[in-house]
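Have your viewer ready, and let us start with the open spaces.

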Amino acid sequence: MKFLIALIACFLPVTSPVAAQSLTPEEIAAMIDKKVSNLNPYQALLNDADPERGRLAMEIMLESGDPELMRMALEFGLLSPNPTVKRTAFEAWLKSGPILSIRFDGTNLKDAYFSRTVTGYWNGTQSDGIGYWRIPVGPYLPEQKCFSNTTYTSDCFITVNSDGVFLTPRAMNARAIITEAGALEGTGTLTNVGDAIPFSVQLID
């Protein structure tokens, strides 16, 4: 009896696991169409096959005044591998008048002036060598090609050009770049503080 069962098994068709799981081109095309149809329509605009249309969609969304559209467009722009798109997104965001929360890493400093500048001059906070300062971005100054801050509206606060992002509020002179993670990172010097200080600004929540 066992011999008969084994003999019958030899003549049964063998189903390959790979063959059972393979997809036809039509099935793959249908799956792609489904994913595209489920894509957020705003994301579809940003990811247009024509890069220029995607860039224009980003600019319009950033200037819309709608917080959700602005967040989506800012994230798209800052995370783009294209430096021109990054810069366009950053400058459009600055025009919206955000408040920058600057994080200073002074853990390797032994200079009391660091704490005095952050907590005294700027009215920020400082703990264990880490300082935070919040400063709102003011109007754009066309003649000086920079953004002011809301306290000193005739002074340059942020200048963006091909060499990077320069922050020059009173008592600080710094340069930064927009990282691949969409943050602003660099080093700066503070008045009466001898060493350069690393700092960062989170641009994406």
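## The second largest pocket

In this predicted model, helix 7, strand 5 (158-161), strand 6 (164-167) and strand 7 (172-178) each give at least two residues to the lining of the second largest pocket. Strand 7 supplies the largest share of that lining, with four residues. The volume of this second largest pocket is about 270 Å³. Its lining is made of 13 residues, and P83, R87, N161, G164 and I178 are the closest to the centre.

## The largest pocket

Now for the largest pocket, which holds about 320 Å³ of space. It is lined by 17 residues, and those closest to its centre are W93, Q202, L203, I204 and D205. Two or more lining residues come from each of helix 6, strand 1 (99-105) and strand 9 (197-202). Helix 6 makes the largest contribution to the lining of the largest pocket, at five residues.

Sorted by class, the lining of the largest pocket counts ten nonpolar residues, three polar ones and four charged ones.

## Where helix 6 meets helix 7

Both helices have already come up in the pockets, with helix 6 lining the largest pocket and helix 7 lining the second largest pocket. How do the two helices sit against each other? The axes of helix 6 (residues 67-78) and helix 7 (residues 83-95) come within 7 Å, crossing at roughly 145 degrees. The crossing of helix 6 and helix 7 is left-handed.

Which residues make the contact between helix 6 and helix 7? On the helix 6 side they are L74, G77 and L78, and on the helix 7 side V85, K86, A89, F90 and W93. By class, this contact of helix 6 with helix 7 has six nonpolar residues, one polar and one charged.

## The disulfide

The structure holds one disulfide. C146 and C156 form it, with their sulfur atoms 1.9 Å apart. The torsion about the S-S bond of C146 and C156 is about -80 degrees, so this disulfide is left-handed.

Where do the two cysteines lie? C146 is in strand 4 (residues 146-149), while C156 is in the loop between strand 4 and strand 5, so the pair ties together parts that are ten residues apart in sequence.

Note on methods. Residues numbered from 1 in each chain as written. Predicted model: local features only at pLDDT ≥ 70, side-chain atom pairs only at ≥ 80, totals over all residues. Heavy atoms only, no water. Axes fitted to C-alpha atoms, helices over the stretch in contact; angles between N-to-C directions. Left-handed = near helix turned anticlockwise from the far one by under 90°. Contact = heavy atoms within 4.5 Å. Nonpolar A, V, L, I, M, F, W, Y, C, P; charged D, E, K, R; others polar. 1 Å grid on protein atoms, 1.4 Å probe; cavity = no way out; pocket = protein on both sides within 12 Å on 5 of 7 lines; lining within 4 Å. Points joined across faces, edges and corners; volume = space filled by probe spheres on them. Disulfide = S-S within 2.5 Å.
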